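Got your viewer open and ready? Let's take a walk through this structure, one selection at a time.

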Amino acid sequence: MKKEYNFSIKSTIIIVIITSVVTSLVTGLILYNNSKILIGSSNLQTDTALQEFLQVYYDLEDDYYTDIDKTEMIDQAIAAMLDYLGEDYSTYMNQDETADLENHLSGQYVGIGISITNGNQIVKVYEDTPASRVGLEDNDVITSINGTSTEGLNQNAVSALISKTEENTIVINRGGQTHTFKVKAETLNSPLISEIFEENNKRIGYILIESFTNTVEEEFAKALNDLEAQGIDSLIIDVRSNTGGYLKGATSIASIFLEKGKTIYSLEGKDSTDVYVDETDEKRDYKVAVLINDGSASASEVLAAALKESYGATLIGTTSYGKGKVQLTKNLEDGSMVKYTTARWLTPSGECIDEIGIDPDYLVNLEQDENGVYKDTQLEKAKELLSQ
């Protein structure tokens, strides 16, 4: 479960999303997915272990005294093979679990493209979204949605009023004047939360990455370009409690900062170790701080290590989770999935952090006030260092 921080970025802004809530998943570090498992005829003829398995399968189908659900039996057999490996990250996922994971990592949602705060105030209208196209603006106050007043409602309740299938009638107050808009929800990329802090005459950018989804590279580039257009002097990247996702997301984001030829990570497989370096001409030279904690895992650790060792970024927070393995996923015909480890990943210096984690340069624990509310001392430390 993610910790709640007492600062505006995470506790008062919500993206208006019309979708089901996805439970927290330790997604790990996924190399790639969506390939199908195919068994060639040569395998069937030469693999004696497979022949033995198939013989038992057909014997049970023919001779067992009651009817057998063959699909369920095969699913259980596949799960048993992965369980035999004795490793937490190699697992069988049923149809529901597979759908949840793929939805979680899709990087998309159904909505109109706004963030709201204080229950019903629009804090940001994202570009090229239904909201921006009909003319909704930052700081508009939503007074009703489809005839229902938003007075006294929180962000989640306001979000729930927006239909994902029908055109919505949204009434807003703008500078004392009432305006009505017709807007229909669409499938959109989930934007990354970003902000600029002013500290000691320095403009410090901030980007929160909650998961390494299919769209994270595109959305990170958008957020960064927007911050740089506003003249930031440095940047904070927040991957606290980010449990991972697709390796390509961490690779692409690291490549934005690193000089061409710098190492991002290595993959140590059964027979060889492959080194992956930045192949782009793009780079940055301003200061970067990365916020990590014990929930920062896999892809978060890849990015943090690459930025620390190959860029010189400063890590702030607590020791990361320590997941140094890479998984491959394969979809089965019935909609289920197998996920299994194919390699260990190594930091640019060649270290494996599995079950160890990455230590921050500045160990900073969150502090609680007398009411048990967390003060984000980790973010404050990053701002202090970057403002010097």
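Start by selecting Ser320 and Glu301: their side chains make a polar contact at 2.7 Å. (A polar contact is a pair of N or O atoms within 3.5 Å; within protein, one must be able to donate a hydrogen and the other to accept it, and residues adjacent in sequence count only if both atoms are side-chain atoms.) Keep in mind that this is a predicted model, where local features need pLDDT of at least 70 and side-chain atom pairs count only at pLDDT 80 or more, while totals for chains, interfaces and linings use all residues. Residues are numbered from 1 along each chain as its sequence is written, and side-chain values use heavy atoms, with hydrogens and water left out.

Ser320 itself is in the loop between β20 (314–317) and β21 (325–331). (Helices, H or I of at least four residues, and strands, E of at least two, are DSSP runs numbered from the N terminus.) Is Ser320 buried or exposed? Buried, at 5% relative accessible area. (Buried means under 20%, exposed over 50%, and partly exposed in between, with a 1.4 Å probe and protein chains only.) Leaving aside residues up to four places away in sequence, Ser320 touches several others, including Ile292, Asn293 and Gly357. (Contact means heavy atoms within 4.5 Å.)

Next stop: salt bridges. How many does a search of the whole structure find? It finds 21. (A salt bridge is a side-chain nitrogen of Lys or Arg within 4 Å of a carboxyl oxygen of Asp or Glu.)

- Select Lys260 and Asp281, whose closest N and O atoms are 3.4 Å apart. Lys260 is in the loop between α9 (247–257) and β17 (263–268), and Asp281 in the loop between β18 (273–277) and β19 (287–292), so this pair links distant parts of the chain, 21 residues apart. Lys260 is exposed at 51%, and Asp281 is exposed at 68%.
- Select Arg344 and Glu268, which meet in a salt bridge at 2.6 Å, N to O. Arg344 is in strand β22 (residues 337–346) and Glu268 in strand β17, so the pair ties together parts 76 residues apart in sequence. Arg344 is partly exposed at 34%, and Glu268 is partly exposed at 27%.
- Select Lys325 and Asp354, with their closest N and O atoms 3.8 Å apart. Lys325 is buried at 18%, and Asp354 is buried at 14%.

Last, show α9 and helix α10 (residues 299–311). They pack at an angle of about 20 degrees, with their axes 9 Å apart. (Axes are lines fitted to C-alpha atoms, for helices over the stretch in contact, and angles run from 0 to 180 degrees between N-to-C directions.) That makes α9 and α10 roughly parallel to each other. (Angles under 35 degrees count as roughly parallel, over 145 as roughly antiparallel, 65 to 115 as roughly perpendicular and the rest as oblique.) Where they meet, look for Leu247 and Phe257, among others, in α9, and Val302 and Leu307, among others, in α10.

Finish on Thr251 in helix α9, buried at 19%. The C-alpha atoms of Thr251 and Leu303 are separated by 7.1 Å, though the two are 52 residues apart along the chain.
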